[in-house]
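Good morning, and thank you for the time.

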Amino acid sequence: MLHPKNTEIYFTLNTGAKMPALGLGTANEIEQIPETKQAVKAAIKSGYRLIDTAWAYRCEDRVGEALKELFEEGAIKREDIFITTKVWPTHWDIASDSISRSLENLGVEYVDLVLQHWPLCFNRVEDKDGVDGIARNPTHLDGSANINEEGDYLSTYKQLEKMYLAKDPRFKAIGVSNYPLDYLQRLLKECRVVPAVNQVEIHPQLPQMELRDFCTEHGIRLESYSPFGATGSPLTKNALMQKLAEKYSCTPNDILLAYNIRQGVVTVPRSVNPKNIVANIEFISLTKEDSSVLNKYGLENSQRFRNEKFAESIPGFREN
Ligand SMILES: NC(=O)c1ccc[n+]([C@@H]2O[C@H](COP(=O)([O-])OP(=O)(O)OC[C@H]3O[C@@H](n4cnc5c(N)ncnc54)[C@H](OP(=O)(O)O)[C@@H]3O)[C@@H](O)[C@H]2O)c1
């Protein structure tokens, strides 16, 4: 039997929409931002149908340039791709503005999913150009957050919910990112719309089993960021990943993607290298037993690879 490609697999969201299991991450290093355009074009041309971006990645305009050319070339239609963007905590009280800015950057009329990027509220600071400190200056990306102590993190989701219930045409679904279990519990108590997605760090060294069970129970689709352990792909050097790669005659990257996809978790590896972008499409039929081995390994060898300092303001964030 022919195996599908990762790009041919779709998961259903609680809105009924289909979300591709594999997408292209675009949180590129600053010096790589100009490469975003060719990466998006390479991804779409090789079959990717999900682009994961965010206002904070400072590359939405490059994603937009790629999409414009792809639409003009007839390579893809808007309705055939799934675009996710996110509201950064500096915009915690102006989610609607943030969405408009992202749409303008992306050059599209709607996105398929808007996520609250972090359950945090940051103060806005003045931009050196005298702009409002919002458009040009994605502050705190270095982790030195300027936390707004009065802000309630749930306020951002409540704004998204209000717009969603009013059938705002600028997005199709709403969700969250970096929400730990107790934050989701509060959200479900205080809000009517269950998030379609919670995007968090998930990989074999951070299996997030409890969060996973909770999300499954409540119909929230989990999405894994940093599937390779972020820059430098440290997880690909892990002895267990290498052993499994040998067993399946594939690369450790393939094992890491299969780990998520085989368990119903959307995943968005980042790459600006067309060869790697294409390589990440390869589907590996990881067995249930090997998925369990990886989950058990993660519980015993838990490690976060993304360590933004501001995450310390989220109680318990580091423990899971
Ligand atoms: N919601 C959030 O707070 C949050 C946080 C972090 C990330 N994210 C999202 O998740 C995406 C992915 O996470 P990430 O950016 O942290 O890192 P990642 O996907 O775990 O790893 C990226 C690294 O893997 C390399 N790579 C990719 N494919 C490869 C292959 N086949 N062989 C060898 N190396 C390969 C890339 O290098 P090359 O470019 O050279 O291929 C890059 O250095 C982000 O881009 C972003 O969209 C979201």
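**The core and its aromatic cluster**

In this predicted model, the largest nonpolar core comprises 97 residues, and those with the most contacts inside it are W118, Y157, Y179 and I255. Helix α8, residues 252-261, supplies the largest share of this core, namely six residues. That helix is mostly covered, with nine of its ten residues buried; among them are I255, L256 and L257.

Let me turn to W118. Leaving aside neighbours within four places in sequence, W118 is in contact with residues including W88, Y225, F310 and F317.

The structure holds eight aromatic pairs. W88 counts as buried because its relative accessibility is 4%, against a cut-off of 20%. F122 is likewise buried, at 1%.

W88 also forms an edge-to-face pair with F310, at 5.9 Å centre to centre and 80° between the planes. F310 belongs to the segment after α10, and this pair links parts of the chain 222 residues apart. Both W88 and F310 are buried.

Which residues do ring pairs link into a cluster? They are W88, W118, F122, F310 and F317.

Finally, two arginines deserve mention. The charged end of R78 sits over the ring of Y110, 3.9 Å from its centre, and that of R186 sits over the ring of Y153, 5.1 Å from its centre.

Technical notes
Residues are numbered from 1 along each chain as its sequence is written. This is a predicted model: local features need pLDDT of at least 70, side-chain atom pairs count only at pLDDT 80 or more; totals for chains, interfaces and linings use all residues. Side-chain values use heavy atoms; hydrogens and water are left out. A nonpolar core is a set of buried Ala, Val, Leu, Ile, Met, Phe, Trp, Tyr and Cys residues joined through side-chain atoms within 4.5 Å. Buried means under 20% relative accessible area, exposed over 50%, partly exposed in between (1.4 Å probe, protein chains only). Helices (H or I, at least four residues) and strands (E, at least two) are DSSP runs, numbered from the N terminus. Contact means heavy atoms within 4.5 Å. Rings of Phe, Tyr and Trp (its six-membered ring) pair if their centres lie within 6.5 Å; planes under 30 degrees apart count as stacked, over 60 as edge-to-face and the rest as tilted. A charge sits over a ring if NZ of Lys or CZ of Arg is within 6 Å of the ring centre and within 35 degrees of the ring normal.
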